[in-house]
Amino acid sequence: MSSSPMTIRAAIVGYGNLGKSVEKLIRAQPDMDLVGIFSRRSELGTDTPVFPAASAADHAQDIDVLFLCLGSATDIPEQAPGYARHFTTVDTYDNHHLIPDHYATMDAAARQGGNVAMISTGWDPGLFSLNRTLASALFPDAQQNTFWGKGLSQGHSDAVRRVPGVRRGVQYTIPNEEAIVEAKAGRGAEISATSAHVRECYVVADEADHAAIREAITTMPDYFAPYDTTVHFISDEVFERDHQGMPHGGHVVTSGDLGGSRSSVEFVLELESNPDFTAASQVAYGRAAARLKAEGKTGAFTVLEVAPYLLSPVALEELIRRDV
Ligand SMILES: NC(=O)C1=CN([C@@H]2O[C@H](COP(=O)(O)OP(=O)(O)OC[C@H]3O[C@@H](n4cnc5c(N)ncnc54)[C@H](OP(=O)(O)O)[C@@H]3O)[C@@H](O)[C@H]2O)C=CC1
Ligand SMILES: N[C@@H](CCCC(=O)C(=O)O)C(=O)O
């Protein structure tokens, strides 16, 4: 099947780190026009048209795909199904434990509206998910480990900032380097995500709130409770000086026996900017979402269900000639 050329009318909801990167990258696509940004705030300091988030449904006829650049901790569970009833959406929802629930909720909402909901794009979930499935399918008994960092997790940072009293906050994910070496050598069977990473949070807050904030973060299900998590309280000046960059990256390491020989597969990301790379994945999957919708598909899709050629602005015939 050929990917039909179409100009995709795109819009963004939520203008934080991710939203700004998506705005920049939509502008760089040959087949996308940016219609506007929906926000809960009125002043965003951009020349893209800004509309109130509450009025989004009024613009549904003008938009082929809506990029949900909202936080995963609270925004996506509360707001994403509402958007999916009116728009074909693409999100980067990253609470792995709750993705099956999110899939079911978005599937029902998207079907109700006759739309496509592309969920949990980005890199993890997203491109790492794809590589976990692809690599593990190659081995009868795969040994697989995922490592993140060292880097700034936007999802965990968003979760920190949602804790009452937190004025500014970031979270760094730090992997155990010895565990990465062990996994690459095929000795990762005993290594779990929680044993192989620690989480360091840097927070600006009033001193009176410190104890409650530390307790709320370290006991937060999914994001922090299962991990060795440390919370550091710092001043605005130190936050401003030391915590502005957002690099990240990681590895998916898979190995196994293939009837007497051992092989290993590794997918590695080194990201100078987590939001820029996450946006790159989200925008490509947004293209796929718009194309699936144009083909008459409805309901929720994960990255596992999307044919790769749908991500590319290049025609399938050219991709077969160039890349296969
Ligand atoms: N799957 C993956 O690989 C990845 C997923 N992500 C996901 O992306 C999500 C969003 O991350 P990120 O963009 O860093 O989060 P931000 O905290 O920067 O933005 C989240 C929302 O907060 C609001 N906001 C942003 N800045 C301000 C401000 N100054 N004042 C008030 N409100 C503000 C915006 O909504 P509004 O404009 O309506 O105010 C925005 O949509 C994360 O929760 C994470 O789950 C991120 C990286 C990788
Ligand atoms: N979802 C992450 C990207 C994957 C890295 C990760 O999960 C982590 O650092 O814990 C993010 O929001 O930055």
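How many helices and strands does the protein have? In this predicted model, the protein has 11 helices and 14 strands, both being DSSP runs numbered from the N terminus (helices: H or I, at least four residues; strands: E, at least two). The radius of gyration, taken over C-alpha atoms, is 20 Å, close to the 20 Å given for 324 residues by the globule rule, so the protein is as compact as a globular protein of that length; the rule is 2.2 Å times the number of residues to the power 0.38.

Residues are numbered from 1 along each chain as its sequence is written, and chains are lettered from A and ligands numbered from 1 in the order in which they are written. Local features need pLDDT of at least 70, side-chain atom pairs count only at pLDDT 80 or more, totals for chains, interfaces and linings use all residues, and side-chain values use heavy atoms, with hydrogens and water left out.

Confidence comes next. The protein averages a pLDDT of 97, and 98% of the residues score at least 70; pLDDT is the predictor's confidence in each residue, from 0 to 100. The complex receives an ipTM of 0.99 and a pTM of 0.98 from the predictor.

Of the 324 residues in the protein, 51% are buried (under 20% relative accessible area, with a 1.4 Å probe and protein chains only). Gln154, in helix H5 (residues 154-161), counts as buried because its relative accessibility is 15%. Leaving aside residues up to four places away in sequence, Gln154 touches Asn17, Leu18, Asn274, Pro275 and Thr278, contact meaning heavy atoms within 4.5 Å.

How values were computed:
Buried < 20%, exposed > 50% of the residue type's maximum accessible area, 1.4 Å probe, protein only.
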